[in-house]
Every structure is written in C-alpha cells, then in structure tokens.
Amino acid sequence: MHKSIRFALLAGSLAAVAVAQNAGQPTVPTIMFQQEGKKGGVFTQAITTAPVTFNYYNAIDGATQTVLNNVFDRLLTLNPYSNKIYPSLVDSWKFSDDGLVLTMKLRDIKWSDGTPFTSDDVIFTVDSLANNADLRANFTAQLRIGGKSLKFERIDDRNFKIIMPVQYGAILNVLTFFPIMPKHKLEQFDPKGKPADFARAWATDSKLSEIVGTGPFALSSYVANQKVTLTRNPNSWRKDPSDNQLPYTDKLEYLVITSPEAQLAQLKAGTLDSLTITGAQFPDMKAAEVRDGKVRVLRGIGLNSPPWHWSFNMDSSNPDLAKVFRDLRFRQAMTVALNRDRIIESVFNGLASLPGHGVAPTSDWYFNTKQYFPTWNLKEADTILDSMGLKDTDGDGVRNIGTGKQLEFALTHAADSSVAPAMAAVIQNDLKQIGIRVNLRGVAGNTVLGTGQAGNFDSILLTFGDQADPQLRKDIWQPGRGLNYWRKSLQPVGSAAINTKTMFPYEKRIFQIFEEAEKLGDQNRRKALYDEWQVLFAKHMPVILITKPDVLAVANNRIGNFYVRDNRVLWSTATVYEK
C-alpha cells in the first residue's frame, strides 16, 4: 500500500485504528512460528557487560534491559514482522469518539508468584515509576503532553482508562515502551517519596524470588559478572498456535562475555545458541557456516537496528571548542570529511546503508533525506574550515584555534565494540589530512552513554535505536530532553522548564514540532510535521549520522523458530526451541 494512502486511512478517528488492530489476536503473532516447537532445554546467549541492577527503572543499561525484558511485559507490543501494534498485557481497547479517553482491558493473568495481575499494578507503575522524573529510567517525556501528564484511572481489576488532555496520536506506541511492575512488591520502597531508597531496591544481590514478573521467564540465579539464569514462568500467559504454554525452553541463560572475539569463539564451540553480530564479524561466521554446518547466518533489515552517529559537545568546557562545534560550517565540514562509503565497506563489509535522520528508512514515517548525505571530499572540507578562519598559522600541520591553540579534540568510543574503534580510526586518519588532530579515547561500551550525558567528552560515537513512532524518540531528538546530551545546557535543572531562550532557531522549531505533533490525532498532519523535522535534522546536523547496520544474527542449527522472512530476522526467547 502506498504510504500516502496508508496515512490517509489512519487520519480519521483514533478509535478506528484501535478496533482494526486488536480484534481476536493470538497471544503471540503466528509469524513467529516457523514450526511448533517442543518443551525442554536451555537457550544460551551472551551479554557484553553484567547487569548493573534488576531494578528496571533505576538504570539505562543495555544488559539490564536485555535480561529484564524477559521478566516484565508492556501493555502493548509491536509485531516483529510488521512493526504494527499488537496486544500484550492489554488484549482489547477502545477510544472515545473525541479521541481523548482510551479504555483498556487487561488479560486475566497472574504474576510469577501467583498474585493476580490487576489495573492497580498499571496505575502504580505509571504514577510511581514510569512518570517519576526522579528515577533514572523514567518515561516522563512520553507520558506528558504540553506539560500535562496523561491520567490513568482504575475502573475495576481488569479495566482502566487513560484520559488525555488533547488527542495523542502516538499513544498506542507509547504503551509499548514501559514495562509494568508489581505493586505488591515495590510499593513498600516508596519510589515517589523516597526515590533514593527505591534506587537500592532489587539490586543484583537481592533475593531473586522477590522479583516477580508477567514475562515468559523469571530470574532464577545470578553469578556476579558471569551468568544470569532464568527459568520458565509457571504462570506465563503466552501460547503457541496449538494452545501450548510458552516458552518452549526450560531455561534462558545469559553469559557475561566482554570480548566480541570470545563471544564468537563460544558460539562456534556450541556454548552459545545465538549471537547478534556486526558486519565486521560476518565473513568469519559465514565461513564457519559453510565449513562446519553447525550454525546458520541470518541477514535482514530492521526498524530498530541502531544507526551510528557522531556528535560534538556544543557545551564543551573548552570555550574555543564549544564555539567551533556550535558553528554549522564546522559540522558541514565534518560530514563532508566523513567517508561513509569506506566505513560501510571496510568496517561493516558492505552490510549497512545510509540511515534516516531520526527515522528508519523502513518506517512509514520516513522522509527521504539521502540527498543531504554529501560525497566524501576532503578538499571541500578543507575549504570550509579555511573559510571559518581555522588555518595552520604555525606550519606544524595542525590548524589553529582561538589564541594559537591547535584544533585538537578527543573522540570517545566503545573500545569493546567490534566496529567503533575501526570507525574512529577512519575518522582520525581523514581529519589528520585536513589539519585536525583527533585523539582516540576508548572506554567500556556500557559507559559511553553515561559519558555523553555527563558532558565529559569532546566528540563521541554512539547509537540510538529507531522506533515505530517518532514521538517515542522525543527524549533524544527534542532539544532540552534528557538524552539530548550534546546540548546539555538546554536541559532543565530541578523543577525549571527547558531552556528554550538559548536555543538556536532550528532547535526552537524542532522543539515546537515535537510539542505540536504529540497533540494531534490526525496522522497525516503528524507526518507533515515529522517530515519537516527530518529535513531540519539533515540540514543542521545536531549530530552527524554515519550508517545504519543491517540486522545480522547467527543461530545454532539445533535452535528452531530462528529464521528470516521477507528480509526480517524473526525470533524471540519465548518461541525458540531445541530441535
């Protein structure tokens, strides 16, 4: 279906959208089953770092989220094949005629400890956790519109309603974001009144039986910095097409293996059952597939595969660097000096492509901004830098800045990544040729985002995943939000408002676009605003987009329901099984 037609169909009432998407769905999309599996066995994966906590709302940490996404569920989810809204804890919903009230019905299910799951858990999660700005991993950006919070109200044990101050076109996608927590376990820590005390709850040395969820697995054991083991949730509500309870496997294990090379070795040895790989690792694993026949390599294109970007600290404590980084001409020179083709071919082995500007090219919301990616041209970059007055005044091969200082900055990157060090080296080499000294600063991968948020960097290589609706990335791309780390000075302090007065004109317009778009139910009007944002992003480059990797995975041949269909790599921990 052509995109304009699709959006025209969505441009009517929000109620029509909801009814079409929640009528009589199985608990798990049938596309996830290449065949029905059998019970038993263990599914083992790797995580690069150990989880820092088992308290989801107390950490923005990949390992923590990877593990806990098997323990907790969202109200709604996305169909991994179509990226469309799919029922989860909620199995039916309906909008009011004016689109301002969304009534939802919960499944009749239990927590893993046998306690009934009710709307009280939903209200507690939203009011005390997800919409609590004092918690590190909060979702206030998604749960507030124009400064006003969405209101969640209990109707009875299985029904609740969401009251919106204005129509909220992204509301269903917002409900795919935050996991629901057990009130009967976490209320005692008083997350609203004593957020510091709550932050210490459910640490990795906690009694794991106290950590209960509705997901397919429950935490079973943790060997610090070595292994997390989860076992089947006895009250799991997911079913396969023949009504058999999921997950198929008895146990799910995550081994902490910090080195990408060690992860590959463990996969080849059969210790790991699957692994997400990069283009740099693809040739080795493809050779192993052909040589040994024990694994299969899968390739697809995914909505959520995180595109790489290169940012500059516009609020650097070094005033000379801050002035240069804020100058659009400098960022124009850097994007021209960025050899994307070389990075795609030499670092990712051709298994990557140009990204969208904040929106995945496979998304219905995508506006084609490829024309804004320039051809690599060091001579042109050289000319732009000269026009800024950044010239080599002392003949030592490095341009000068301010009062004769060299134009020099650090490039922070994940030293334990299989691709980031190589990208950083390409950038360092090319910028050297145009008189810029780049010092590579490798840090642990799980500290890169924190380094950025703390403002402790000059420039940085980082990734943020794309989402099904642009509004869900508001906390990243709207100036002044918590993950808009390259312009930390715009972020509010305490209860103060976002600092719009010192925004650049393009930042003010982007800020306004996100404020306007979230209040609309008309999807065509939202699309027009997000198109404008993508063009502003491409032209002004608050960060410089590099590339979006293909989705690459390797699975042991003894694992079923791990496959590719229509360029989508499909699997889940609930549906894989041992053949």
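Analyst: Buried means under 20% relative accessible area, exposed means over 50%, and partly exposed lies in between. The model discussed here is predicted.

User: Why is F504 called partly exposed?

Analyst: The relative accessible area of F504 is 24%.

User: What makes Y506 buried?

Analyst: Y506 has a relative accessible area of 8%. The limit for buried is under 20%, and Y506 therefore counts as buried.

User: Why is the pair of F504 and Y506 called stacked?

Analyst: Two rings pair if their centres lie within 6.5 Å, and planes under 30 degrees apart count as stacked. The ring centres of F504 and Y506 are 6.1 Å apart and their planes stand at 10°, so the pair is stacked.

User: Are W365 and Y530 buried or exposed, and how do you know?

Analyst: W365 is at 7% relative accessibility and Y530 is at 0%. Buried means under 20%, so W365 and Y530 are buried. W365 and Y530 also belong to one aromatic cluster, whose members include W477, W533 and F537.

User: How do you know that the span of helix α19 is close to the expected one?

Analyst: The expected span is 1.5 Å times one less than the number of residues. Helix α19 (residues 523-540) has 18 residues and reaches 26 Å from its first C-alpha to its last, close to the 26 Å expected. D522 caps the N-terminal end of α19, with a side-chain oxygen 2.9 Å from the backbone nitrogen of N524.

User: What makes β1 and β10 edge strands in their sheet?

Analyst: The open sheet has four strands in the order β1-β12-β11-β10, with mixed pairing. β1 and β10 each have a single partner strand, so one side of each is left without a neighbour in the sheet.

User: How do you know that β11 and β12 pair?

Analyst: Strands pair if at least two bridges are found between them. Five bridges join β11 to β12, which run antiparallel, so the two strands pair.

Technical notes:
Residues are numbered from 1 along each chain as its sequence is written. This is a predicted model: local features need pLDDT of at least 70, side-chain atom pairs count only at pLDDT 80 or more; totals for chains, interfaces and linings use all residues. Side-chain values use heavy atoms; hydrogens and water are left out. A polar contact is a pair of N or O atoms within 3.5 Å; within protein, one must be able to donate a hydrogen and the other to accept it, and residues adjacent in sequence count only if both atoms are side-chain atoms. Buried means under 20% relative accessible area, exposed over 50%, partly exposed in between (1.4 Å probe, protein chains only). Rings of Phe, Tyr and Trp (its six-membered ring) pair if their centres lie within 6.5 Å; planes under 30 degrees apart count as stacked, over 60 as edge-to-face and the rest as tilted.
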